Amino acid sequence: MLRSTVVAAVLLGTALSARAGALVEPSLHLKSSAAGETRVALTLDACGGRTDNRILAALVEHRIPATIFVTGLWLKRNPEALAVMRAHPDLFEIENHGDRHIPAVDAPMRIYGIRSAGSPAAVASEINDGAAAIIAAGLAQPRWFRGATAKYSRTAIAEIKALGFHVAGYSINADGGALLSAGSTERRVAAAKDGDVLIAHINQPTRSAGAGLVKGLLKLKARGVTFVRLDDADRDGSYEMDD
């Protein structure tokens, strides 16, 4: 009996791994501008916790647009920061990072220590409940989705698209999950080229990466870079996705 149970467990694990396949981390680029501008998209994940007001204040002061991916958890905990973003609709676009910051992978596993959704139904719940939290906060229906960890099973990507969302990839991991030093983050951001989509975090106020992000962004602005939100790129079709 024990042997049969072990064999069944191994077979189940093999089947789930096969269904998930290799996880993918989609890339996203902006197409070159006909006007010859150097364009970069800044995307910031608000996973949970609190807000890095160093970043938020700098974006407002220096008029740098950004696409903010929020979870339902972050929305509940950060009404003041949300009020600032809502007061500047020309700068901030709010998009869907899921309800509880659960990776959009439809087979059970852990990614960076975070338990995945584990089933198609759970993936759909994470996405739809995240969108519902955004709408309940009085914001517009989101059109982009980025799952926790930004890694997906291919079948989950198909499900995300079927639910009506674009998958928000990126081309430069600016802060390494907010774990990089200020100097490393600054250098990665400052090295951005035309068409790059940056991913960083706005929910880690105690980490040095946030200070580096601000310095890197100001260097890009001094170079004359035009910052583009993802909804702007979506409306004019000026983005390319590889998943």
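This is a chat about a predicted protein model.

Reader: Hi! How many helices and strands does the protein have?
Author: There are nine helices and 12 strands. Keep in mind that this is a predicted model.

Reader: Okay. How does the radius of gyration sit against the globule rule?
Author: The radius of gyration is 19 Å, close to the 18 Å that the rule gives for 243 residues, so the protein is as compact as a globular protein of that length.

Reader: And what does the C-alpha trace span along the principal axes?
Author: About 70 × 35 × 35 Å.

Reader: What share of the residues is buried?
Author: Buried residues are 50% of the 243. As for the surface, the protein exposes about 10,900 Å², and carbon and sulfur atoms supply 56% of that area.

Reader: What about contacts between residues 24 or more positions apart?
Author: Such pairs account for 79% of the contacts with a separation of 6 or more.

Reader: Switching to charges: how many positive and negative ones are there?
Author: The protein has 28 positive and 25 negative charges, and their mean positions are 6 Å apart.

Reader: Let's pick a strand. Is E2 mostly covered or open?
Author: Mostly covered. E2 takes in residues 39–46, and eight of its eight residues are buried.

Reader: Which residues point which way from E2?
Author: Arg39, Ala41, Thr43 and Asp45 point one way, while Val40, Leu42, Leu44 and Ala46 point the other way. Both sets are buried, Arg39 and Asp45 included.

Reader: Why the every-other-one pattern?
Author: Because side chains in a regular strand alternate between the two faces of the sheet.

Reader: Got it. Which strands does E2 pair with?
Author: E2 runs parallel to strand E10, residues 197–201, with five bridges joining them. Strand E3, residues 66–70, also pairs with E2 in the parallel sense, over four bridges. Then there is strand E11, residues 226–227, parallel to E2 over two bridges.

Reader: New topic: where is Glu159?
Author: In helix H6, which covers residues 154–162.

Reader: Is Glu159 buried or exposed?
Author: Buried: the relative accessible area of Glu159 is 17%, and the cut-off for buried is under 20%.

Reader: So what does Glu159 touch?
Author: Leaving out residues up to four places away in sequence, Glu159 touches Pro120, Val123 and Ala124.

Reader: Last one: where is Gly237?
Author: Gly237 is in the loop between helix H9 (230–235) and strand E12 (239–242). With 35% relative accessibility, Gly237 is partly exposed.

Reader: How far is Gly237 from Lys31?
Author: Their C-alpha atoms are separated by 8.5 Å, and the two residues are 206 residues apart along the chain.

Methods:
Residues are numbered from 1 along each chain as its sequence is written. This is a predicted model: local features need pLDDT of at least 70, side-chain atom pairs count only at pLDDT 80 or more; totals for chains, interfaces and linings use all residues. Side-chain values use heavy atoms; hydrogens and water are left out. The radius of gyration is taken over C-alpha atoms; the globule rule is 2.2 Å times the number of residues to the power 0.38. Buried means under 20% relative accessible area, exposed over 50%, partly exposed in between (1.4 Å probe, protein chains only). Contact means heavy atoms within 4.5 Å. Accessible areas come from the Shrake-Rupley method with a 1.4 Å probe; for residues, only the protein chains shown count as cover. Lys and Arg count as positive and Asp and Glu as negative; His and the chain ends are not counted. The place of a charge is taken as NZ of Lys, CZ of Arg, CG of Asp or CD of Glu. Two strands pair if DSSP finds at least two bridges between them.
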